[in-house]
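Open the model in your viewer and keep the selection tool at hand. Each stop below tells you what to select and what is there.

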Amino acid sequence: MLLHGTGGNERDLIPLGREIDPGASLLSPRGKVLENGMPRFFRRLAEGVFDVEDLTKRTHELADFAIAATQRYKIDMKKHRCRRLFNGANIAASILLLRPETLSAAILFRAMVPLVPETQPNLSSVRVWIGAGTFDPIVPASETKRLEELLRGAGADVAIRFFQGGHELTRDDIDVAHEWLMSLND
């Protein structure tokens, strides 16, 4: 499952998905919320300030969609992984925290803590790779580390990598994420 960033669409990440996992079946929905005409997966109140009520609603909606799609297209849920970028990474992290049965692994590019769940999920069978930028003006390193701690506290096996860069995706992000994903198949 590929989840685009703010202003993206369902086609944006197809080439990235094929590059990171060439043999994967790809599911790439479009965010249903518009912000200044740009698709997103959930509303925000300001940069880095999420509308938690809308985020929660959209998280369950997207998780239900993903589960229905895996059943319809006969995708093995144990292999259901998500690659997320920016806004998509935040709702993906939210799915891990609110609907942990939905994903077995996740690649999160430039993610932050979307919300803190009322009850801690059991992520003991989930593997997560987080790619962050050391100079990211939108997602500070402290926020990335906070997400790592939240996921680890829930039992997830988390790999985190900081790259010399900002909020943009780098070639190193793609290469290292690919290597990590391929190591899951070993």
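Select Glu-148 in helix α4 (residues 141-153). Helices here are DSSP runs of H or I with at least four residues, strands are runs of E with at least two, and both are numbered from the N terminus. Is Glu-148 buried or exposed? Its relative accessibility is 14%, so Glu-148 counts as buried. Buried means under 20% relative accessible area, exposed means over 50%, and partly exposed lies in between (1.4 Å probe, protein chains only). Now show what Glu-148 touches: Ile-130, Val-158 and Ile-160, leaving aside residues up to four places away in sequence. Touching, or contact, means heavy atoms within 4.5 Å.

A note before moving on: this is a predicted model, in which local features need pLDDT of at least 70 and side-chain atom pairs count only at pLDDT 80 or more, while totals for chains, interfaces and linings use all residues. Residues are numbered from 1 along each chain as its sequence is written, and side-chain values use heavy atoms, with hydrogens and water left out.

**The whole chain**

Zoom out. The chain has five helices and nine strands. Along the sequence they follow the pattern β-α-β-β-β-β-α-β-α-β-β-α-β-α. The C-alpha trace spans about 40 × 35 × 35 Å along its principal axes. A compact globule of 186 residues would have a radius of gyration near 16 Å, and the chain agrees with its 15 Å. That radius is taken over C-alpha atoms, and the globule rule is 2.2 Å times the number of residues to the power 0.38.

Colour by burial next. Of the 186 residues, 54% count as buried. Among contacts between residues at least 6 apart in sequence, 66% join residues at least 24 apart.

**Aromatic rings**

Show the rings of Phe, Tyr and Trp. Two rings pair if their centres lie within 6.5 Å, using the six-membered ring of Trp; planes under 30 degrees apart count as stacked, over 60 as edge-to-face and the rest as tilted. The count by this rule is three aromatic pairs. Select Phe-42 and Phe-50, an edge-to-face pair with 4.9 Å centre to centre and 85° between the planes. Both Phe-42 and Phe-50 are buried.

Go on to Trp-129 and Phe-163. Their ring centres are 6.2 Å apart and their planes are at 50°, so this pair is tilted. The pair links distant parts of the chain: Trp-129 is in strand β8 (residues 127-133) and Phe-163 is in strand β9 (residues 157-163), 34 residues apart. Trp-129 and Phe-163 are buried.

The charged end of Arg-40 sits over the ring of Phe-42, 5.0 Å from its centre. A charge sits over a ring if NZ of Lys or CZ of Arg is within 6 Å of the ring centre and within 35 degrees of the ring normal.

**Salt bridges**

Side chains of opposite charge can pair when their charged atoms come close. A salt bridge here is a side-chain nitrogen of Lys or Arg within 4 Å of a carboxyl oxygen of Asp or Glu. How many salt bridges does a search of the whole structure find? It finds 18.

Select Glu-35 and Arg-44. Their salt bridge has its closest N and O atoms 2.7 Å apart. Glu-35 is buried at 18% relative accessibility, and Arg-44 is partly exposed at 22%.

Then take Asp-51 and Arg-43, which meet in a salt bridge at 3.2 Å, N to O. Asp-51 is buried at 14%, while Arg-43 is partly exposed at 42%.

Move to Glu-61 and Arg-58, whose salt bridge is 3.5 Å, N to O. They are three residues apart in helix α2 (residues 52-72), so about one helical turn separates them.

**Two positive phi angles**

Most residues other than glycine have a negative phi. Select Asn-36, where phi is positive, about 50°. Asn-36 lies in the loop between β2 (33-35) and β3 (38-40). Asn-36 counts as exposed, at 75% relative accessibility.

Finish at Arg-110, with a positive phi near 60°. Arg-110 is in the loop between β7 (105-109) and β8. At 1% relative accessibility, Arg-110 counts as buried.
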